[in-house]
Amino acid sequence: MKIIRKMLAAVLAALITLSLAACGKGGIIESQEDFQKNMHQSDYYRLSEICETEDGYYFLIGGSDAWYFEKETGRATLLCTKPDCKHEDDTCDGRINGDVLWATGGRLYYTNSALLEEHGKLVDHGERVYSAALDGTRRKVVMDLEFEPSGSSTYVNPILHRGYVYFFYSGVFYRAPLGGRLKRTAQRLWGEEIAGETGRVHIYDSIPVGNSFTLWADGDFVYFMVNVKQADGTYKDTLFAFDTTVDVEKSDGELVRQVWETPDADTVGEWVSTGVEVSQWYVKDGYIYFYLSGGDFWRCSLETGAYEKLADTHEKTVYGKAVFSDEYMCLLNARPEDRSLPGFVVAEEFRYDYNSLVGGDTFYLYGLDGELVKTLPLDSVFEQFEDVENIEPLFCGDGQVWFVAEAVHSTGETGIPQEGFLPFGGVKTYDYIVCRADIETGEITEVCREHRE
Ligand SMILES: [Zn+2]
């Protein structure tokens, strides 16, 4: 889903000329803030880029429209200051077409790999970091994230942690100071650069890892999770750690070490994707907290490797989706998608797709010690909004659990049968309703919504 959206965003952005300032002063931007862990929990493709400032949240819907939610008033507005703008096309200031969203030093940052129109030609600069004022205006290029535009992005969302941008390029792990000139300031942290005839080459084929890296940071450590191929041909999600207190230039040892891998069933019991990946995870203070859909909440010490079951969640629901914060493990009940429908083919690599769970009508909030502290029924979501079929948790913070309610409306029309498309369903419209539930009162409020024909 992410890949499709990314390509779509790239095409959209290629159609317009962004008025970009030149590469700035090439100056490094001071930023001491930590990676916003709890904002980066959801893989939900309609809304996965969220960042927080003291006053509110910024988020992207469908990867393109930037919204601002003001904490004090509880109001969400599209980030567009243009008078009389209908917010319908890419001339709207609210269109960011970004892949990540960070806020630091009073500006927003996002990445984009779209082709840019320069002097009447479309130019490929590869993936770049851009910034904008907090109202979405005054956009400019901050730095490159590809040494040479590869034409194919690696689909790794970079992170910003304590002034450094951590990213992958051709399977190699780097960091560079925010705003720094890439070729001059990037430091290689893990992986081999293999020189080919055309310079750097893609090395996924030569190392036994999948191409899905998830970056993370907590305190002094930056982590990444990647699927590593095992001797028996299966894959296991494996966590690697980089200690940011190490002087990279002076160190002659390994900068990155493996600290964890997906456990086996004899350690934590069977779950939906046993032995391959955990459903959702979170690293805090040297522990990885994880949820196993079809299993339970666990944590493992990255220091000693000792496992500890935190909560028997299958007493509440067998299947579920979880988001974590520094305070809560927040579980939404769910059920597996019906894959018996005609024409529903699941490719081998998507067998364990976490997104194949649907439904959900109750949040269970556990403390990080595993104690159930709150049950949040979502009854009012189904009363307030018609045709809600699915709930997707987004994040938990500031006393609220954010989620998207997906409403699917049937128009009653049967639609025109098309070759290659599934025959069932008819014509439908969709509402993606962003909501928040107050943990204290249980009150559910709509934040904003996106309507799709
Ligand atoms: Zn607009």
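Tutor: Helices (H or I, at least four residues) and strands (E, at least two) are DSSP runs, numbered from the N terminus. This is a predicted model, in which local features need pLDDT of at least 70, side-chain atom pairs count only at pLDDT 80 or more, and totals for chains, interfaces and linings use all residues. Residues are numbered from 1 along each chain as its sequence is written.

Student: OK. What is the order of the open sheet that includes β21?

Tutor: The order is β21-β22-β23-β24, four strands with antiparallel pairing. Its edge strands are β21 (280-284) and β24 (307-311), each of which pairs on one side only. On average, neighbouring strands in this sheet are turned by 25 degrees against each other, direction ignored. For such angles, axes are lines fitted to C-alpha atoms, for helices over the stretch in contact, and angles run from 0 to 180 degrees between N-to-C directions.

Student: How many bridges join β23 to β24?

Tutor: Four, and the two strands run antiparallel; β23 covers residues 297-301. Trp298 stands opposite Lys309 in β24.

Student: What holds paired strands together, in general?

Tutor: Strands of a sheet pair through backbone hydrogen bonds, either parallel or antiparallel.

Student: What do β30 and β31 form?

Tutor: A hairpin, with two residues between the strands. Asp398 in the turn has a positive phi of about 60 degrees. Eight bridges join β30 (residues 388-397) to β31 (residues 400-410), and the strands run antiparallel. Cys396 has Val401 in β31 as its bridge partner.

Student: Which strand does β31 pair with over eleven bridges?

Tutor: With β32 (residues 428-438), again in the antiparallel sense. There, Val408 has Tyr430 as its bridge partner.

Student: Changing topic: where is Gly94?

Tutor: Gly94 is in the loop between β4 (75-78) and β5 (101-104).

Student: Why does Gly94 count as buried?

Tutor: Because Gly94 has 21 C-beta neighbours inside 10 Å. A residue is buried if 20 or more other C-beta atoms lie within 10 Å of its own, exposed if 12 or fewer, and partly exposed in between, with C-beta atoms placed from the backbone.

Student: What is Gly94 in contact with?

Tutor: Beyond its neighbours within four places in sequence, the contacts of Gly94 include Asp65, Leu78, Cys80, His87 and Gly136. Contact requires C-beta atoms, placed from the backbone, within 7 Å. The C-alpha atoms of Gly94 and Cys80 are separated by 4.7 Å, although the two are 14 residues apart along the chain.

Student: What about the protein overall?

Tutor: It has four helices and 33 strands. Buried residues make up 39% of its 453 residues.

Student: And what is the mean pLDDT?

Tutor: It is 83, and 82% of the residues reach 70 or more. pLDDT is the predictor's confidence in each residue, from 0 to 100. It stays under 50 over residues 1-25, and it is below 50 over residues 196-207.

Key:
Pairing = 2+ DSSP bridges. Contact = placed C-beta atoms within 7 Å.
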